[in-house]
Amino acid sequence: MDLGLTLAPLRRGPADPTFRPAPDGAVWRTTRTPEGPGTLRVTANMAGGTVEAQAWGSGAQWLLDTLPDLLGAQDGPEAFTPRHRLLATTLHRRPGLRLTRTGLVMESLIPSILEQKVTTNEAYRAWRLLVRQYGEPAPGPAVPGREPRMYVMPDARTWAGIPSWDWHRAGVDGKRSATVLRAVRVAPRLEEASAMVPEDACRRLELIPGIGPWTSAETVQRSNGAPDAVSVGDYHLPGVIGHALGDNRDADDTEMLRLLEPYAGQRHRAVRLILLSGHTPPRRAPRMSVRDIAGL
């Protein structure tokens, strides 16, 4: 089990106030559990095959109880059979990949909504600003050698109370902020999706206007550890998969799903391995431009 590789999907950018790798190799993470806010510190001894964890806050015991799932205890990597040389090579080089399962929906759903139809940097900035402004300081000690301090994401009531001008200052347009507000109003019902099979969980999330297949897949990949959830509707992913598996950088979603058919049941793992391989098509056009709505 590769600790950094397994937990990497939970990090929303290098300055994410809820996730931080430490100089000593530990991974620090904050979240809002059913028992309250908590901070988790995890270290892994690859040679000895051991993991150690400490937790603080009212959610500390919940974080420790669910640590095995977070590190992929319910994942079944042995079910994956590589059918392309690229995936076989990547799997050999990165054998420690496990699919995390947080058991928490809102912590992945809200940043996924913020990532809809904008550049990654825009979404990371919005998440960072809103969590620092409306979240609460993380319980426990500060991460050694790292600044600024970590924060726990706001609760549903606080998200619902963010005024429109602060969404605007964070660069979040009305459509995305309205989707977040609709979601947090039914947060307890959405959190129930973490105990469902991924297909049912996606259907539950997609009952909320503004949440489609891309957002639900991005969420259940993390909350449910869904090995087959594919982020259909992604701006870049079809071209990456098409280039890697079919030498077709112009592939669309339909072609991407066709190429992933041999990995039915494990398509998300196949995508993770392709992205880890670094075998992506060279850029032919400038990056999507950043929209600065905060200055309007």
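Mentor: Buried means under 20% relative accessible area. Keep in mind that this model is predicted.

Trainee: Is Trp 28 buried or exposed?
Mentor: The relative accessible area of Trp 28 is 3%. The cut-off for buried is under 20%. Therefore Trp 28 counts as buried.

Trainee: How many aromatic pairs does the structure hold?
Mentor: A pair of aromatic rings is described by the distance of the centres and the angle of the planes. In this structure, the number of aromatic pairs is 4.

Trainee: Are the planes of Trp 28 and Trp 56 stacked or edge-to-face?
Mentor: The ring centres of Trp 28 and Trp 56 are 5.5 Å apart. Their planes meet at 5 degrees. Planes under 30 degrees apart count as stacked. So the pair of Trp 28 and Trp 56 is stacked.

Trainee: How many residues apart are Trp 28 and Trp 56?
Mentor: Trp 28 sits in strand β2, residues 27-33. Trp 56 belongs to strand β4, residues 50-56. The pair links distant parts of the chain, 28 residues apart.

Trainee: What is the angle between the planes of Phe 80 and Tyr 263?
Mentor: The ring centres of Phe 80 and Tyr 263 are 5.3 Å apart. The pair is stacked, so the angle must be under 30 degrees. For Phe 80 and Tyr 263 it is 15 degrees.

Trainee: Which residues form one aromatic cluster?
Mentor: One cluster is made up of three Trp residues. They are Trp 127, Trp 159 and Trp 167.

Definitions and conventions. Residues numbered from 1 in each chain as written. Predicted model: local features only at pLDDT ≥ 70, side-chain atom pairs only at ≥ 80, totals over all residues. Heavy atoms only, no water. Phe/Tyr/Trp six-rings, centres within 6.5 Å; stacked < 30°, edge-to-face > 60°. Helix = DSSP H or I, 4+ residues; strand = E, 2+ residues; numbered from the N terminus. Buried < 20%, exposed > 50% of the residue type's maximum accessible area, 1.4 Å probe, protein only.
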